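Please examine the structure shown below. The briefing that follows describes how its parts pack together, grouped by topic.

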Amino acid sequence: MNRTDDAIELLRRLIAIPSPSREEDGTAALIYDWLHERGADVRRFHNNVWAVAPGFDPARPTLMLNSHHDTVKPSAQYTRDPYKPEITDGKLYGLGSNDAGASAVCLLSAFLALADERLPFNLMVAITAAEEVMGEHGMRAFLPEIKRLGFGPDMVIVGEPTGFQPAVAERGLVVLDGRTEGVAGHAARNEGVNALYRAIDDIGILRAFRFPTESALLGPVKINVTQIEAGSQHNVVPAECRFVVDVRTTDAYTNAETARILQEAVRWSVLTPRSTRVQASVIEDSHPLVRAAVGMGLTPFVSPTTSDMALMHDIPSMKIGPGQSSRSHTADEYVLIDEIAEAIEKYPLLIRNIEWKQNSGARASSPTK
């Protein structure tokens, strides 16, 4: 069986095993066994499966090939069985085929193809869990664990559907829960202090707000109020209003700084971040990963979607893989067989083209502290 057929067969088997986030035991076991059968020194931490190529030298930098094997839950609009892999007209259908099963199996194939080559860096592969929810047992737990063991990566290729073009940046995300207090009163007598009006004042401030510093690559921070709730009945002035703010952050500020600055900008409301861990990620265009991709004639772009790059924002990471992001999380998800074949060929070429020299490993762009 050639490498493309082997990868497609593995992807078919992965599709057939339900693996929603936090329930990936079956696919983790399959990936572990698949690597073990092919002679890899494979390990497992929770549902994260990883292997290191022979000859690991802690004095050399480490390249990690990473993708994920969890999926979202299938849409109710599926017309096919999401767990029955089918190839029709050059398309492999099935939940997780595009996001990100195709990337995962192609990176696994690339790892095996290059495991015995003498590269200027250590090579490891990690197919991780809970990416779709950035869960506590996925990359959030896995990265500290491999760093503790001495295998922390110096650069990462993240496999996601990008049309096999290199995504060199992602915005971060902070969701703020806004709460505005007033004083209840009878609407007919115009009593009380209307919390809704206060909230509207603050929403106006947020709508017009501009951060003084913009990211050179990602541009301005984007702020949108997406939900609002107030009042109990028509004749009572509301004593409380709640609203939700979706903030797409950049590398110009940390997420914690972004939340603090917005809190200081509003007059009446308390803005509480649900989490600040989904940071923006930017890799310098001079980094060997980017230079290798550009040297292959590929075109860097800014990704509109988030991935585990957000949890590795302090490690130079580049997102690239077969398939199209527009197919992700859709009914009747599919990936083209030709896209898999292309990635099987191009991933090893990309990795071999990485020219690592002393002092060439510029860190990822870090948000202002």
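In helix α4 (residues 139-148), the buried residues are M139, A141, F142, L143, E145 and I146. Here, buried means under 20% relative accessible area, exposed means over 50%, and partly exposed lies in between, with a 1.4 Å probe and protein chains only. Helices (H or I, at least four residues) and strands (E, at least two) are DSSP runs, numbered from the N terminus. This is a predicted model, in which local features need pLDDT of at least 70 and side-chain atom pairs count only at pLDDT 80 or more, while totals for chains, interfaces and linings use all residues. Residues are numbered from 1 along each chain as its sequence is written, and side-chain values use heavy atoms, with hydrogens and water left out.

- The buried residues of α4 pack against β1 (42-45), β2 (48-52), β3 (62-68) and β6 (122-128), where contact means heavy atoms within 4.5 Å.
- After α4 comes G150, which has a positive phi near 90 degrees.
- In helix α6 (residues 255-265), N255, E257, T258, A259, I261 and L262 are buried.
- The cover over these buried residues of α6 includes β9 (172-181), α5, β11 (222-230), β13 (240-249) and β14.

**Nonpolar cores**

- A nonpolar core is a set of buried Ala, Val, Leu, Ile, Met, Phe, Trp, Tyr and Cys residues joined through side-chain atoms within 4.5 Å.
- The largest nonpolar core has 56 residues, and L35, L63, L65, I157, Y347 and I351 touch the most other members.
- Helix α3 (residues 97-114) supplies the largest share of this core, nine residues.
- Another core, of 20 residues, lies apart from it and has L176, A259, V266 and L271 among its members.
- Not counting residues up to four places away in sequence, Y347 touches S103, C106, L107, A110, I157, G159, F164, I320, G321 and P322.

**Residue L271**

- L271 is part of strand β14 (residues 270-273), and it counts as buried because its relative accessibility is 6%.
- In sequence L271 and G178 are 93 residues apart, yet their C-alpha atoms are 4.5 Å apart in space.
- Beyond its neighbours within four places in sequence, L271 is in contact with L176, D177, G178, L206, F243, L262, Q263 and V266.

- Two packed helices are described by the angle between their axes and the distance between the axes.
- Axes are lines fitted to C-alpha atoms, for helices over the stretch in contact, and angles run from 0 to 180 degrees between N-to-C directions.
- Angles under 35 degrees count as roughly parallel, over 145 as roughly antiparallel, 65 to 115 as roughly perpendicular and the rest as oblique.
- Helix α3 and helix α8 (residues 337-352) pack with their axes 9 Å apart, at an angle of about 45 degrees; α3 is therefore oblique to α8.
- In this pair, A102, S103, C106, L107, S109, A110 and L114 of α3 meet I340, A343, I344, Y347, P348, I351 and R352 of α8.
- The contact of α3 with α8 has eleven nonpolar, two polar and one charged residues, where Ala, Val, Leu, Ile, Met, Phe, Trp, Tyr, Cys and Pro count as nonpolar, Asp, Glu, Lys and Arg as charged, and the others, Gly among them, as polar.
- Helix α1 (residues 3-15) packs with α3 at an angle of about 140 degrees, with their axes 9 Å apart; α1 is therefore oblique to α3.
- R3, A7, L10, L11, L14 and I15 of α1 meet S97, G101, A102, V105, L108, S109, A110 and A113 of α3.
- The residues of the contact of α1 with α3 are ten nonpolar, three polar and one charged.
- The axes of α1 and α8 cross at roughly 120 degrees and come within 10 Å, so α1 and α8 are oblique to each other.

**Backbone features**

- The peptide bond from D99 to A100 is cis, with omega near 0 degrees, and A100 has its place in helix α3.
- F164 is not a glycine but has a positive phi of about 50 degrees.
- F164 is in the loop between β7 (155-158) and β8 (167-170), and it counts as buried because its relative accessibility is 1%.
- N190 is not a glycine but has a positive phi of about 55 degrees.
- N190 is in the loop between β10 (185-186) and α5 (195-208), and it counts as exposed because its relative accessibility is 69%.
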